[in-house]
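Please look over the sequence and the structure before reading on.

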Amino acid sequence: MHNHVRRYTRFFTENRVYIALGNDFSKVGKVVDISIAGLAFEYYSEVEDSLRGTSNATIFVTQDDFQLIDLACEVVYDTSISILNHKSDLALKKKRCGLRFMTLTEAERNFLERLIQVYVPQ
């Protein structure tokens with residue numbers, strides 16, 4: 001577990017908030033919690049290697065035309081939380097990744113505030 005103190009409260013999102021990392025959407029996952037400073041999301045992976053470094057992300061809400069494209073972010077952690085074994089040799093790892101947002105434009109900040117206001121259960 002991470003012991004660092006957060007500057008901003010993290011809010012747990014509804015099930016409809018997702019994130020896609022990279023230009024090719026190489027990792028897509030469900031946002032678990034979010035703040036104005038960063039978020040955590042869960043995704044499934046066949047590979048053991050961890051996400052690292054900086055990337056750009058798209059945050060979107062299913063069944064809604066609400067999305068933020070090209071948000072610059074940095075991977076803080078990426079860890080396996082469970083393994084699903086299928087009948088084949090394929091083992092899918094469920095992973096949790098924490099992202100810190102880089103410099104936010106005013107529009108990006110407004111989007112995140114609106115996202116928290118609208119899609120976080122009160």
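The points below cover the overall fold and then two residues.

This is a predicted model, in which local features need pLDDT of at least 70, side-chain atom pairs count only at pLDDT 80 or more, and totals for chains, interfaces and linings use all residues. Residues are numbered from 1 along each chain as its sequence is written, and side-chain values use heavy atoms, with hydrogens and water left out.

**Overall fold**
- The protein chain contains one helix and seven strands, these being DSSP runs (helices H or I, at least four residues; strands E, at least two) numbered from the N terminus.
- Read from the N terminus, the order of elements is β-β-β-β-β-β-β-α.
- Of the 122 residues in the protein chain, 39% are buried, that is, under 20% relative accessible area with a 1.4 Å probe, protein chains only.
- Among contacts (heavy atoms within 4.5 Å) with a separation of 6 or more, 59% join residues 24 or more positions apart.

**Residue T58**
- T58 lies in strand β5, which spans residues 54-61, and is buried at a relative accessible area of 7%.
- Beyond its neighbours within four places in sequence, T58 contacts Y18, I19, A20, F25, L68, I69 and D70.

**Residue K95**
- K95 belongs to strand β7, residues 91-101, and counts as buried at 1% relative accessibility.
- Residues up to four places away in sequence aside, K95 touches several residues, including F41, E42, Y43 and D78.
- The side chains of K95 and D78 form a polar contact at 3.4 Å, meaning a pair of N or O atoms within 3.5 Å, where within protein one must be able to donate a hydrogen and the other to accept it, and residues adjacent in sequence count only if both atoms are side-chain atoms.

Definitions and conventions:
Buried < 20%, exposed > 50% of the residue type's maximum accessible area, 1.4 Å probe, protein only.
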